[in-house]
Amino acid sequence: MRGMKFSFLCKKKPQPTGKRIAIVGAGPAGLTAAGYLVCRGHDVDIYDKMPEPGGLMLFVIPEFRIPVERVRLGAKELEEEFEVNYYPRTKVMEGERLDEGDEFYERVIRLSELKEKYDAVLIATGIWNVRRIGIPGDDLEGILSPLELLFWIKGNKLGYVPDEKVPDLRGKRVGIIGAGLTAVDVAFECNRLGAEVEIFYRRTIREAPAGAYEINILRNRGVKWFELVTPKSVIGENGRVKAIELLRTRLGEPDETGRRRPIPIPGSEFQVPVDYLVFAIGMVSTPPVNGSYLAVDRRGRLVVDERHMTSVEGIFAAGDVANGPTKVGRAIKDGLYTAVAIDKWLRGEL
Amino acid sequence: MERKYLYVDYLTCIGCETCQTVCDFIHDGNPYIRIYITENKQYLPINCKHCDDAPCIKVCPTQAIYRDEDGAVRIAEDRCIGCLACLQVCPYGVPFYSLKVKAVTKCDMCAERREEGMEPACALMCPAEAIQYGPLEIVMNLVRERRAKNIPEHQRELTEEELRKSISSGFKVF
Ligand SMILES: Cc1cc2nc3c(=O)[nH]c(=O)nc-3n(C[C@H](O)[C@H](O)[C@H](O)COP(=O)(O)OP(=O)(O)OC[C@H]3O[C@@H](n4cnc5c(N)ncnc54)[C@H](O)[C@@H]3O)c2cc1C
Ligand code: SF4
Ligand code: SF4
């Protein structure tokens with residue numbers, strides 16, 4: 001197998017410009033930007049809090065969708081052929097905040113320090129926090145974060161997570177709330193590990209962001225699909241989850257996304273017993289700042305101008321950290337166009 | 001020169017849009033591989049298949065469509081009269097009439113890149129390894145290798161029950 005060729009725009013490194021760029025976050029946005037920038041002759045250093053580059057593609061998305069080797073070899077090519085330096089297990093942060101995957105980092109560097117040391121900085125730190133649902137009982141034992149669960153499973157295979165961290169799901173009932181890319185990937189992995197999986201969704205399969213095609217593949221593999229229900233509370237016993245209490249919903253008028261809004265039906269409560277629950281209802285951008293160092297919008301995304309630059313001159317942002325949850329291709333697109341802007345800015349053309 | 005194939009495998013494609021993105025980037029916003037979303041939300045990237053027995057080549061009244069030395073089906077823009085006969089016969093609806101160029105345009109297997117000794121960008125960047133480029137034998141092997149990874153039974157640990165069954169039926173389990 002060959003790796004993704006992030007430097008697909010050139011055959012070898014051209015005459016060096018002497019400019020140094022720090023990229024924070026080695027997901028598809030960061031790596032693709034690195035590929036463009038080395039093809040323009042710049043020196044690139046990449047900082048990431050995980051033990052190796054790849055981002056969600058490597059640590060979260062299941063192997064059958066994106067092979068680990070494909071990402072690994074791609075990152076390695078940047079290092080070996082284009083002299084990109086990786087600084088793994090290094091969290092970049094201005095201020096403090098706990099994010100998913102934080103158990104892997106060993107060092108912290110301040111963003112302002114990178115700004116001092118480099119000619120330009122690119123932030124591509126993605127969406128590494130999971131949205132909390134905020135219903136009674138949502139902190140009981142047995143409630144798993146979808147991201148954490150996925151990188152325990154994949155991280156274990158990669159040798160970073162000890163066996164005892166991966167819950168033994170054989171014969172266990174796992175309830176998943178949500179119907180996006182994250183929900184279906186959690187369902188795939190739990191099903192593969194021998195769990196009885198049931199997905200609960202507040203709209204119908206027609207509105208499901210993951211699409212009927214993916215969901216029907218899951219159903220063929222024995223995953224149960226339960227639509228038009230919304231969680232009301234989590235029922236526990238001795239501090240551990242025992243069941244989920246759901247309300248039936250009906251669809252009302254379309255909301256701002258154009259999809260019909262689910263309306264809970266009062267008095268329709270019922271319970272479904274579960275051993276584990278996963279709320280896969282959305283993810284939140286995690287810029288390497290907490291505080292006023294960089295401007296963020298209402299949803300926590302980094303604000304950028306048409307030059308892809310943040311509120312601080314010389315610090316750029318690309319990928320999900322600026323756009324919210326998207327897809328690999330969108331992150332790559334943003335990474336490319338941001339890299340173009342960085343190159344122009346460094347050459348004084350922007 | 002040896003005939004090359006550019007094959008998009010819909011069973012391993014995850015619909016991530018990377019191929020369209022990089023194609024869009026190198027062609028100034030006019031991607032030649034485009035994602036179509038089906039009714040049940042399957043994402044299908046469609047580009048020219050560079051067919052072996054290409055109906056578009058046969059039907060073009062001005063012989064504007066030809067095969068280059070790598071096997072790519074190409075359009076000689078200066079000879080195209082815009083009659084869209086090629087679109088009529090293409091099973092994938094690939095030929096795209098560009099008002100700007102005043103000719104049909106479509107995937108040329110990254111002709112400019114090939115001239116510089118580089119491969120088609122979509123195949124290099126697809127994270128799922130769903131796009132393969134190269135001589136037929138190699139492409140076929142890579143597709144089989146990649147497909148094998150996705151057979152769910154290869155990804156699942158066997159239960160005690162299945163293990164017993166397979167042993168009693170004489171199959172060896174690794
Ligand atoms: C479960 C799941 C399934 C998905 N499935 C698909 C799919 O099938 N197809 C598809 O197209 N898309 C899918 N996506 C979406 C896709 O993964 C993302 O859109 C894409 O990875 C975003 O790329 P990125 O480069 O912006 O960020 P990421 O890939 O998230 O990379 C961010 C990087 O930054 C690092 N980082 C974060 N904070 C810091 C910090 N403070 N300091 C240092 N490093 C930091 C992280 O370790 C990570 O390596 C899925 C997402 C999830 C969660
Ligand atoms: S890049 Fe690969 S996986 Fe993504 S849409 Fe294109 S063919 Fe499919
Ligand atoms: S344009 Fe259509 S018919 Fe012609 S080679 Fe491409 S896919 Fe085949």
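Reply:

A:Gly175 has A:Leu277 as its bridge partner in β16(A). This is a predicted model, in which local features need pLDDT of at least 70 and side-chain atom pairs count only at pLDDT 80 or more, while totals for chains, interfaces and linings use all residues. Residues are numbered from 1 along each chain as its sequence is written, chains are lettered from A and ligands numbered from 1 in the order in which they are written, and side-chain values use heavy atoms, with hydrogens and water left out.

The strands β9 (residues 173–177) and β16 (residues 276–279) of chain A run parallel and are joined by four bridges; two strands pair if DSSP finds at least two bridges between them. Strands (E, at least two residues) and helices (H or I, at least four) are DSSP runs, numbered from the N terminus. In general, strands of a sheet pair through backbone hydrogen bonds, either parallel or antiparallel. Here five strands of chain A form an open sheet with parallel pairing, in the order β8-β16-β9-β10-β11, and its edges are β8 (143–144) and β11 (224–227), each of which pairs on one side only.

Chain A is assigned a domain 1 (20–128 + 283–346) and a domain 2 (132–279), the bounds coming from an automatic or database domain assignment. The C-alpha centres of these two domains of chain A lie 29 Å apart. Contact, meaning heavy atoms within 4.5 Å, involves 24 residues of domain 1 of chain A and 18 residues of domain 2 of chain A. The two domains of chain A bury about 1,700 Å² between them, 61% of it on carbon and sulfur atoms, where buried area is the accessible area (1.4 Å probe) that two parts lose on being put together, summed over both.

Two salt bridges are counted between these domains of chain A, a salt bridge being a side-chain nitrogen of Lys or Arg within 4 Å of a carboxyl oxygen of Asp or Glu. A:Arg65 forms a salt bridge with A:Asp185, with the closest N and O atoms 2.7 Å apart. On the side of domain 1 of chain A that touches domain 2 of chain A, the elements giving two or more residues are α2 (56–59) and α3 (68–82) of chain A, and α2(A) gives the most, with four residues.

Turning to the partner chain, 37 residues from chain A and 34 residues from chain B take part in the contact. Chain A and chain B bury about 3,200 Å² between them, 56% of it on carbon and sulfur atoms. The rule finds three salt bridges across the interface of chain A and chain B. B:Glu17 and A:Lys327 meet through their side chains in a salt bridge at 3.6 Å, N to O. At least two residues each come from α1 (28–39), α7 (211–220) and α9 (328–346) of chain A on the side that touches chain B, and α9(A) gives the most, with eight residues.
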